Every structure is written in C-alpha cells, then in structure tokens.
Amino acid sequence: MQHDTDHTHHEHGHEHSHEHGGHDGLGTVSWSMAAQATLHCLTGCAIGEVLGMVIGTALGWGNVETMILAIVLAFLFGYSFTLRGVLKAGVGFKAAVRVALAADTLSIAVMELIDNGVIAFWPGAMDAHLADVKFWLVLAIALAAAFVITVPVNKWMIGRGKGHAVVHQYHH
C-alpha cells in the first residue's frame, strides 16, 4: 500500500507536470500531449518530404532517389525543429543534438515508414507529378495515416520518460 500512497502524493505534488500530460514515467500521458508531440514531428517530416519530392522532381531523379532524399530531409527538418527549441533553452549544441536524436528518432522513423509505405503501395502514386491532384491527395492521406499511427507510439514513449518527454523539460 505504500506505493499507492506515494503515487497519490506524487500526483498532487506535481500538478504542473500533469497539465502537460503527466509524463512522470507512470504512464499517465494524455492523448493530447502525444498528439502535440506527433504534430511537432509531422510538421518537420512533411516539410522535408515535400521539399525532397520537389527537389527530386526538379532534378529529374527517379522514384528511389527522390524518396531517399525526401526521407533524409524529413529527418533533418524533424530534428532541426526540436534542436531549435532546445538550443533556445540554452543547452549546448552537442547536448541539444543528443536530446533531439533521443526525442525524435523513433517518432520520425515510424512516420516515415508509414508515410512512404502508403505512397509506395498506392497504385500510381509514385508516378504522380507535383501538378497532379493524385500526388497531393495521396501525400495528405499518407501523412494523416502516419500521424494516426505515430500518436500511440509517442504516448507510449512519453509515458516511459522517452521521446518528447526528454524535450519537454526545455520548454519552460
């Protein structure tokens, strides 16, 4: 019973923590916090994806090369958004890079797997051009699917003090 008392006391003693989803390692993370963390990653991923596809298409690259560029840029932009916030909090560059890698790697990897999987397996999507409605429609569906599937991953990670829970301490 001692654990229950400590747990109750812990919750009441850290009300501020619970306003932000309660990422206290006890698994009491709100879906809202997980969705916010996922949306943060999705923004960087989407920018990188679209930029990679625009550059690859403009250079006349094939699908594989363009997809690789898009994935690399998705990781780069995803990490850079987190890195910017952590650096603003006064953390040194090397430490900030470690925080960004720890916070975003799994989230971005899951997003990229889902996003690119949808695009790769959607009939005709890989051959659609930037001016085609199909390109943008499939990309929107792929990003939405990546978001929906990644939210529970981020909820699970934050609940264990991983992922965006690592970054959250620098947002104050």
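Biologist: Is Leu-76 of helix 4 buried or exposed?

Modeller: In this predicted model, Leu-76 is found in helix 4. A relative accessible area over 50% is the cut-off for calling a residue exposed. Leu-76 has a relative accessible area of 52%, and because that value is over the cut-off, the residue counts as exposed.

Biologist: How far apart in space are Leu-76 and Cys-45, C-alpha to C-alpha?

Modeller: Along the sequence, Leu-76 and Cys-45 are 31 residues apart. In space, the separation of Leu-76 and Cys-45, taken from C-alpha to C-alpha, is 8.3 Å.

Biologist: Which residues is Phe-77 in contact with, leaving aside its neighbours within four places in sequence?

Modeller: Phe-77 lies in helix 4, and its relative accessibility of 22% makes it partly exposed. Its C-alpha atom is 6.4 Å from that of Cys-45, although 32 residues separate Phe-77 and Cys-45 in sequence. Once the neighbours within four places in sequence are set aside, the residues in contact with Phe-77 are Gly-44, Ile-47, Gly-48 and Leu-51.

Biologist: What is the relative accessibility of Leu-73?

Modeller: Leu-73 is found in helix 4, and with its neighbours within four places in sequence left aside, Leu-73 is in contact with Gly-48, Leu-51, Gly-52 and Ile-55. Leu-73 counts as buried, because buried means under 20% and its own relative accessibility is 12%.

Biologist: How many aromatic pairs does the structure hold, and at what angle between the planes do Phe-75 and Tyr-79 form theirs?

Modeller: The number of aromatic pairs in the structure is 2. One of them is formed by Phe-75 and Tyr-79, a tilted pair at 5.9 Å centre to centre. Both residues lie in helix 4 (residues 63-88), 4 residues apart, which is about one turn of the helix. Tyr-79 is buried, with a relative accessible area of 17%, and the angle between the planes of Phe-75 and Tyr-79 is 50 degrees.

Biologist: Why is the pair of Phe-135 and Trp-136 edge-to-face?

Modeller: The ring centres of Phe-135 and Trp-136 are 4.7 Å apart. Phe-135 is buried, at a relative accessible area of 9%, whereas Trp-136 counts as partly exposed at 39% relative accessibility.

Biologist: Which residue has its charged end over the ring of Trp-31?

Modeller: The charged end in question sits 5.0 Å from the centre of the Trp-31 ring. The residue that carries this charged end is Lys-155.

Biologist: Are helix 5 and helix 6 roughly parallel or antiparallel?

Modeller: The axes of helix 5 (residues 93-121) and helix 6 (residues 133-159) come within 8 Å and cross at roughly 150 degrees. Because angles over 145 degrees count as such, the two helices are roughly antiparallel.

Biologist: In which helix is the place of Ile-149?

Modeller: Helix 5 passes its partner, helix 6, in a right-handed crossing, and the contact is made by residues including Val-110 and Ile-114 of helix 5 and Ile-149 of helix 6. Leaving aside its neighbours within four places in sequence, Ile-149 is in contact with Val-110 and Ile-114, and its C-alpha atom is separated by 9.9 Å from that of Ser-107, 42 residues away along the chain. At 40% relative accessibility, Ile-149 counts as partly exposed, and its place is in helix 6.

Biologist: How do helix 3 and helix 5 lie to each other, oblique or roughly parallel?

Modeller: The axes of helix 3 (residues 31-58) and helix 5 come within 10 Å and cross at roughly 50 degrees, and the crossing is right-handed. Among the residues that make the contact are Cys-41, Cys-45 and Glu-49 of helix 3 and Ser-107, Met-111 and Asp-115 of helix 5. Parallel helices would need an angle under 35 degrees, and the orientation of helix 3 and helix 5 is therefore oblique.

Biologist: How many helices are there in the protein chain?

Modeller: Read along the sequence, the pattern of the protein chain is α-α-α-α-α-α-α. There are 0 strands, and the number of helices is 7.

How values were computed. Residues numbered from 1 in each chain as written. Predicted model: local features only at pLDDT ≥ 70, side-chain atom pairs only at ≥ 80, totals over all residues. Heavy atoms only, no water. Phe/Tyr/Trp six-rings, centres within 6.5 Å; stacked < 30°, edge-to-face > 60°. Buried < 20%, exposed > 50% of the residue type's maximum accessible area, 1.4 Å probe, protein only. Lys NZ or Arg CZ within 6 Å of the ring centre and 35° of its normal. Axes fitted to C-alpha atoms, helices over the stretch in contact; angles between N-to-C directions. Parallel < 35°, antiparallel > 145°, perpendicular 65-115°, else oblique. Left-handed = near helix turned anticlockwise from the far one by under 90°. Contact = heavy atoms within 4.5 Å.
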